[in-house]
Amino acid sequence: MKRRELICAGSIASGYWPRRRTIIVAMAAIVLLPIEVSHAGWLSDLFKGSPKQGKSSKQAKPPKLATSPKPAVLAKPATSPKRHTVKLAALGPVHLNPVALKPVATRCDPQKFRIVLDVGHTAESEGAISARNVSEFVFNLRLAKRIEAKLKAEGFAETRLLLTEGKARRSLVKRVATANDLRADLLLSIHHDSVPNKFLEDWEFEGKKSRFSDRFSGYSVLVSRTNADFQTSRSFAELTGKEMKAQGLDYAQQYSQPIMGRYQRPLLNRETGVYRYDELIVLRKTRMAAVLLEAGSIINRDEELKMSSPERRDIISSGVTAAVKEFCEPRWAMLGPL
Ligand SMILES: [Zn+2]
């Protein structure tokens with residue numbers, strides 16, 4: 001069976017940022033690399049922005065989602081963006097690039113703060129295929145459900161899981177439209193990574209010809225400079241990357257390297273693994289802050305086994321939950337060595 005060079009990037013986002021929200025974003029120098037962004041990943045063109053994307057949304061069947069008519073409302077702003085002692089939500093030393101360590105003080109009520117967890121791809125359009133022939137969609141769904149459970153257990157009652165149906169492009173249009181209708185405060189799109197076709201090697205798994213690449217591994221966090229709220233997206237991306245690192249995970253460094261050719265991306269922070277990927281529809285068409293997490297590689301045989309384990313899902317879920325808490329709570333929001 002011919003495998004498409006297709007991997008990641010779904011996303012959702014919803015609504016608007018309520019006016020009352022106050023977000024103090026004091027990232028001293030957001031590095032906007034003047035690099036021409038290339039396409040990334042073996043994301044097919046389906047995942048790149050198109051000016052016409054809104055047109056076909058009328059025919060789209062609404063994605064499955066537990067919706068609530070209540071808009072998310074953020075609590076009063078933190079009165080002081082003063083920096084406090086660094087307190088990482090996860091254990092382990094983390095050394096961060098000072099440029100990315102300026103405080104981002106956001107305050108919200110966990111009971112009302114709505115984060116939408118976008119399950120990347122669909123049952124029909126499954127994204128990447130793992131070294132052992134499991135679809136990325138399966139990985140995305142399992143992980144997103146675990147993150148959802150953990151966030152709700154931590155009091156983020158408005159957390160929503162977004163599952164979309166249909167073929168690739170149409171499903172993307174649908175997920176973006178749904179997200180924008182949802183009035184979410186934040187979107188996190190969940191994906192798992194692979195490699196461009198040129199790196200694939202053959203092997204046999206359970207009697208079936210399969211493909212793998214053990215060359216690369218790791219997570220990455222993607223943001224789009226064309227998102228409606230890039231600074232907030234970047235802030236949450238940094239927190240997510242920091243917490244993934246604090247959980248002992250390494251990010252995928254290869255996307256900063258020329259070997260990736262047209263898939264090379266601008267690396268915004270070499271400590272946290274935050275990359276820029278401007279063209280992703282789920283990031284650029286959503287009207288709220290949005291971040292895409294490639295949780296790990298499923299084409300790498302060793303990492304696939306890890307990503308299949310409940311333990312790894314738990315680690316990643318803990319990292320994401322810690323990042324959301326830091327994002328919301330000023331006392332968690334002070335980053336880095338001060
Ligand atoms: Zn994906």
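Cysteine 108 and cysteine 328 are both buried, where buried means under 20% relative accessible area, exposed over 50% and partly exposed in between, for a 1.4 Å probe and protein chains only. The model is predicted: local features need pLDDT of at least 70, side-chain atom pairs count only at pLDDT 80 or more, and totals for chains, interfaces and linings use all residues. Residues are numbered from 1 along each chain as its sequence is written, and side-chain values use heavy atoms, with hydrogens and water left out.

**Disulfide**
- The structure holds one disulfide, a term for a pair of cysteine sulfur atoms within 2.5 Å.
- Cysteine 108 and cysteine 328 form this disulfide, with their sulfur atoms 1.9 Å apart.
- The pair ties together parts 220 residues apart in sequence, because cysteine 108 sits in the loop between β2 (104–106) and β3 (115–119) and cysteine 328 in helix α6 (residues 310–328).
- Helices (H or I, at least four residues) and strands (E, at least two) are DSSP runs, numbered from the N terminus.

**Nonpolar core**
- The largest nonpolar core has 69 residues, and Phe113, Ile115, Leu188, Phe236, Leu293, Ile316 and Val324 have the most contacts inside it.
- Helix α1 (residues 136–153) gives the most to this core, with seven residues.
- Such a core is a set of buried Ala, Val, Leu, Ile, Met, Phe, Trp, Tyr and Cys residues joined through side-chain atoms within 4.5 Å.
- Leaving aside residues up to four places away in sequence, leucine 293 touches Leu188, Ser189, Ile190, His191, Tyr219, Ser220, Val221, Thr240, Met244, Ile316 and Val320 (contact: heavy atoms within 4.5 Å).

**Strand β8**
- From strand β8 (residues 220–223), Ser220 and Leu222 point one way and Val221 and Val223 the other way, and all are buried.
- In a regular strand the side chains alternate between the two faces of the sheet.
- β8 pairs with strand β11 (residues 289–297) in the antiparallel sense over three bridges; two strands pair if DSSP finds at least two bridges between them.
- Valine 221 stands opposite leucine 293 in β11.
- With strand β10 (residues 274–276), β8 pairs in the parallel sense, over three bridges.
- The bridge partner of valine 221 in β10 is valine 274.

**Lysine 306**
- Lysine 306 is found in helix α5 (residues 301–307) and counts as partly exposed, at 37% relative accessibility.
- The side chains of lysine 306 and aspartate 302 are joined by a polar contact of 3.1 Å.
- A polar contact is a pair of N or O atoms within 3.5 Å; within protein, one must be able to donate a hydrogen and the other to accept it, and residues adjacent in sequence count only if both atoms are side-chain atoms.
- Lysine 306 and glycine 296 are 10 residues apart in sequence and 9.1 Å apart in space, C-alpha to C-alpha.
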